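Hi,

Here is the structure I promised to pass on. Have a look at it first, and then read my notes below.

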Amino acid sequence: MIQGLRTIIVGGAIACGLSAAFGATSEAQAPVKWAGDFGPPQGAPIHAVLTSPPNVPPPTHRTVPAKVIVELEVVEKNMPISEGVSYTFWTFGGTVPGSFIRVRQGDTVEFHLKNNPNNKMPHNIDLHGVTGPGGGAASSFTAPGHESQFTFKALNEGIYVYHCATAPVGMHVANGMYGLILVEPPEGLSKVDHEYYVMQGDFYTTGKYREKGLQPFDMEKAIDERPTYVLFNGAEGSLTGDKAITAKTNETVRLFIGNGGPNLVSSFHVIGAIFDKVRFEGGTNTQSNVQTTLIPAGGAAAVEFSTKVPGSYVLVDHSIFRAFNKGALAILKVSGPEDKTIYSGKELDSVYLGDRSQPNLQAVTTAAHAAATGTLTLQDQVQAGQALFAGTCSVCHQANGAGLAGVFPPLAKSDYLGADPKRAIGVVLHGLTGKVSVNGGDYNSVMPPMNQLNDDEVANILTYVLNSWGNPGGRILTDDVKKVRAAKPAAPAAAH
């Protein structure tokens, strides 16, 4: 008989393996944790604690399997997707992503899916952590005003996506019907200081990026995989400014990152952090010292890292135009003492991170609301323009409008703007290449078209510039920008 042949028994599931006589087992070669049953539920039934993003329910802290009752309601509702832009989301629990569910491997889960009577569509749920037809979808088709119930055994540990699987499946997912369910291993997860819930999704609207008003779903864009928005937690700015997630220096952070899709793969990255541990693809194995991790549509991961120095850490999809031009950007604010031995402390966050990095974008929200109600004032525009300028324009023209000698012309006391304030609209929309003279100095550079800005944003930024740094004042209106945008530029502008 071969010495070292052993039987591995994990929670009642039996598998055969070779002993360490063939060599020491490394962390990367650790035995596979097979699915287990762990026996019937013990004790009184438990009602699951469900949390809205970015919050995560507390660990189960149980040593035995339980019967866990999960009650989740589908709600169709209008919510903001960007400043001044709303969308009819279909949600699990009233949020995008849906409520976070946390159970333990071996638990028996009694799942109740309710479809709000005010909804217009039937829905169901497919939980990727379920072993059974459709992940529960076959048992949970629910009409408005009805409730469905099914039960499953949580056999496999991991972090799993759930989503609606009612036809047309892609449309239901694209409208925000996805979330995460964590099945803890029997011993639980390692202790960390903070756990957060972040989930990416791609959205398809008939209007272009940041076009104001209620935007319907665009099936053709979805089929062609041309998203208008790529977002964390269902809205641009959902995790920035006052809503940023937080930690202190020398703490550990675990992010449960899901990708609802329906189409795009995520290249998830935290700018300025290296992941100490990644449970890639939501499974059991881990990697260390990871910079960026791929998360497929319908997949998830858990990443952990420690916070060494204070500042703003930016969560992005590193398919980078999605971050800065479609909305896939979130902020982790770390407070605490600096450590100059690790990082010098020089920060350019307000420039590099774009307009969503600002600590408070309330002025932008106020201006968008005022524009929608027809009460927009000059002061509203100036305040919104100031916030947007800091994240869009100040990297070249400087926060004080001084520009950069010989390269970027000054905006302060600008005779170029004073001669014809409205020609600045064309410069922003169509770009400017070649030599210009401003305040007696020559500047020769390239300003690319700022196509990511919508008409309101262009108007507000330019109104702020005209009313700052000794400029003559005045006001640029959205209609002014619309007219210039509709006109073709004299010649295409070069890029940087």
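Let me start with a sheet: four strands form an open one in the order E6-E11-E10-E8, and the pairing is mixed. At its edges are strand E6 (101–104) and strand E8 (126–127), each of which pairs on one side only. Strand E10 (residues 158–163) and strand E11 (residues 178–184) run antiparallel to each other and pair over six bridges. In that pair, glycine 158 has valine 183 in E11 as its bridge partner. A word on terms: two strands pair if DSSP finds at least two bridges between them. Helices (H or I, at least four residues) and strands (E, at least two) are DSSP runs, numbered from the N terminus.

Before going on, please keep in mind that this is a predicted model: local features need pLDDT of at least 70, side-chain atom pairs count only at pLDDT 80 or more, and totals for chains, interfaces and linings use all residues. Residues are numbered from 1 along each chain as its sequence is written, and side-chain values use heavy atoms, with hydrogens and water left out.

Now the overall picture. The protein chain has 11 helices and 24 strands. Of its 496 residues, 51% count as buried, where buried means under 20% relative accessible area, exposed over 50%, and partly exposed in between (1.4 Å probe, protein chains only). The chain exposes about 22200 Å², with carbon and sulfur atoms supplying 56% of that; accessible areas come from the Shrake-Rupley method with a 1.4 Å probe, and for residues only the protein chains shown count as cover. Among contacts between residues at least 6 apart in sequence, 68% join residues at least 24 apart. Contact here means heavy atoms within 4.5 Å.

With 6% relative accessibility, threonine 166 counts as buried. Its side chain and that of asparagine 124 are joined by a polar contact of 3.1 Å. (A polar contact is a pair of N or O atoms within 3.5 Å; within protein, one must be able to donate a hydrogen and the other to accept it, and residues adjacent in sequence count only if both atoms are side-chain atoms.) Not counting residues up to four places away in sequence, threonine 166 touches Pro122, His123, Asn124, Phe141 and His172.

There is also an open sheet of five strands, in the order E14-E12-E16-E20-E18 and again with mixed pairing. Strand E14 (229–232) and strand E18 (277–279) are at the edges with a single partner strand each, so one side of each has no neighbour in the sheet. On average, neighbouring strands of this sheet are turned by 15° against each other, direction ignored. Strand E12 (residues 194–203) and strand E16 (residues 252–261) pair in the parallel sense over eight bridges, and glutamate 195 stands opposite arginine 254 in E16.

Two residues of E16 are worth a click. Isoleucine 257 lies in this strand and is buried, with a relative accessible area of 2%. Isoleucine 257 and alanine 300 are 43 residues apart in sequence, yet 5.6 Å apart in space, C-alpha to C-alpha. Asparagine 259 is in strand E16 too, and counts as buried at 0% relative accessibility. The side chain of asparagine 259 reaches the backbone oxygen of isoleucine 295 at 3.0 Å. Leaving aside neighbours within four places in sequence, the contacts of asparagine 259 include Val161, Met199 and Gly298.

On to the helices. Seven of the eight residues of helix H9 (residues 423–430) are buried, so H9 is largely enclosed by the rest of the structure. Those buried residues pack against helix H8 (415–419), strand E23 (432–438), strand E24 (441–447), helix H10 (455–466) and helix H11 (478–486). Just after H9, glycine 431 takes a positive phi of about 85°.

Finally, the axes of helix H6 (residues 378–392) and H10 come within 7 Å and cross at roughly 95°. H6 and H10 are therefore roughly perpendicular to each other. Among the residues making the contact are Leu378 and Phe389 of H6 and Ile461 and Tyr464 of H10. Axes are lines fitted to C-alpha atoms, for helices over the stretch in contact, and angles run from 0 to 180 degrees between N-to-C directions. Angles under 35 degrees count as roughly parallel, over 145 as roughly antiparallel, 65 to 115 as roughly perpendicular and the rest as oblique.

Cheers
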